[in-house]
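These are my notebook entries on one protein chain. I went through the chain as a whole and then through a handful of residues.

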Amino acid sequence: MTAAAKFRDNVVAFTALPNSVRLVLLLVFLNSFRSFGLRFVQQLYLTNEFGHDDLEAASVLGTSASLHVAFGLIGAVLTDAVGVRRVALTALSVSVVGRGLLAFGRSRTAIHAAFYLFSPAGEALLATGLYRVALKKLTTPKTRAFAFAVEYATFNLSGALADVCIDAFRRRGDALLFGEVYTPTRQFLVLTFVVVCASWLLVALHLRDESVVEADDGSPVASAPPPTSYSLTAWRAWQTREAARQAATLRVVASHAGGRPSAKWSDVAATLRTREIWRVVAMSLAVFGVAKQWTEVDQLLPPFLERQFGEGGGIFLVHSVGMWGCFLCGIKFYGAFAID
């Protein structure tokens with residue numbers, strides 16, 4: 001099968017998945033906007049808004065990052081124990097307070113409380129692949145790689161758009177609201193506060209702990225050949241028909257009924273005895289430096305560009321180039337070649 005045909009069949013199989021997948025991807029988009037948005041501006045925010053020098057800002061962000069690691073480990077355990085919905089609601093409830101302090105706080109005490117307490121206790125739980133766990137449960141083995149490719153593209157698209165929004169606010173300048181001056185950076189953080197509130201509402205009203213089960217072991221390859229013409233109408237009708245056929249083989253079942261843990265300690269111990277889990281650990285450690293480099297560039301490149309080229313140089317559009325590249329390449333390579 002050619003790469004184009006494989007990509008086509010993956011798209012059809014993906015569209016056959018339940019609507020809960022679209023909800024999770026929307027939450028991924030909002031979560032990425034929230035996360036990347038703060039990461040891109042936090043160094044500038046501390047130095048320009050609150051008078052921290054570079055060493056003071058580094059101390060605040062470094063301590064906060066260390067706390068994120070500790071709370072992230074707790075969040076990973078909680079997700080297995082009580083499910084995605086409860087962890088997401090708890091994390092977003094805390095994040096609303098923390099992001100509100102960042103967006104509206106005027107004192108160093110408020111900002112430090114956000115970075116040292118509310119951000120690690122809330123937002124760190126959202127950065128542990130929480131929604132990826134939900135996406136895994138809502139996909140089948142044959143559609144999972146492509147769904148993760150779409151998630152990866154969504155993740156990077158949101159980060160790129162965060163860069164675009166930051167530059168748009170910077171071009172507008174300061175704004176006066178309720179007698180308070182809101183700088184462009186603070187205006188953007190108010191937008192991320194709205195995003196966190198919207199995420200909370202979506203999780204509270206619509207997200208459920210559900211899993212997809214295949215009624216049979218059918219292949220996602222279409223049963224009828226695709227049209228040979230270039231008619232968009234014919235292709236759309238074929239895709240709709242094939243997606244409906246494949247959707248009929250899927251069942252959505254509730255998980256974490258009654259709040260009971262999905263895994264026992266014996267299951268954890270059995271997993272730790274497998275060779276595969278240690279292979280995953282080894283690969284994670286192997287790419288740790290690369291991942292850390294991306295994180296630090298996200299934080300340090302904007303202030304560096306601002307000091308080199310000034311505030312009006314479109315520095316966040318320059319910063320977004322990497323994000324746009326990851327977005328454009330993600331589905332093409334991951335989605336087309338991940339499934340044999």
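Which residues is W324 in contact with, leaving aside its neighbours within four places in sequence? I found L157, A160, L161 and V164, where contact means heavy atoms within 4.5 Å.

**Entry 1: ground rules.** I am working with a predicted model, in which local features need pLDDT of at least 70 and side-chain atom pairs count only at pLDDT 80 or more, while totals for chains, interfaces and linings use all residues. Residues are numbered from 1 along each chain as its sequence is written, and side-chain values use heavy atoms, with hydrogens and water left out.

**Entry 2: W324, continued.** I placed W324 in helix α14, residues 321-337. Helices here are DSSP runs of H or I with at least four residues, strands are runs of E with at least two, and both are numbered from the N terminus. I looked up the spacing to A160, one of the contacts of W324: the two are 164 residues apart in sequence, and their C-alpha atoms are 5.9 Å apart in space. W324 has a relative accessible area of 28%, so I put it down as partly exposed. The classes are buried for under 20% relative accessible area, exposed for over 50% and partly exposed in between, with a 1.4 Å probe and protein chains only.

**Entry 3: the whole chain.** I counted 14 helices and four strands in the protein chain. The C-alpha atoms fill a box of roughly 65 × 55 × 40 Å along the principal axes. I then checked the radius of gyration, which is taken over C-alpha atoms and compared with a globule rule of 2.2 Å times the number of residues to the power 0.38. For 340 residues a compact globule would come out near 20 Å, and the 22 Å of this chain agrees with that. Of the 340 residues, 41% count as buried. Among contacts with a separation of 6 or more, 80% are between residues 24 or more positions apart.

**Entry 4: surface and charge.** The accessible surface is about 17,500 Å², and carbon and sulfur atoms hold 66% of it. The areas come from the Shrake-Rupley method with a 1.4 Å probe, and for residues only the protein chains shown count as cover. I noted 32 positive and 25 negative side chains, the centres of the two sets lying 7 Å apart. Lys and Arg count as positive and Asp and Glu as negative, with His and the chain ends not counted. Each charge is placed at NZ of Lys, CZ of Arg, CG of Asp or CD of Glu.

Entry 5: Is D298 buried or exposed? D298 is buried, because its relative accessible area is 4%. I found D298 in helix α12, residues 288-309. The side chain of D298 makes a polar contact of 2.9 Å with the side chain of R39 and another of 3.3 Å with that of H319. A polar contact is a pair of N or O atoms within 3.5 Å; within protein, one must be able to donate a hydrogen and the other to accept it, and residues adjacent in sequence count only if both atoms are side-chain atoms. Beyond neighbours within four places in sequence, D298 is in contact with F36, R39, F40, H319 and M323.

H319 belongs to helix α13, residues 315-319. Its relative accessibility is 7%, so H319 also counts as buried. With neighbours within four places left aside, the contacts of H319 include F40, D163, V297 and D298, and L301 and P302 are also among them.

**Entry 6: the loops.** I looked at F178 in the loop between β1 (175-177) and β2 (180-182). F178 has a positive phi of about 55° although it is not a glycine. At a relative accessible area of 80%, F178 is exposed. R273 sits in the loop between α10 (265-272) and α11 (275-286) and is exposed at 65% relative accessibility.

Entry 7: V194 is in helix α8, residues 184-205, and is partly exposed at 48%. The C-alpha atoms of V194 and R34 are separated by 9.4 Å, and the two are 160 residues apart along the chain. A269 is in helix α10 and counts as partly exposed at 32% relative accessibility. From A269 to D174 I noted 55 Å, C-alpha to C-alpha, for residues 95 apart in sequence.
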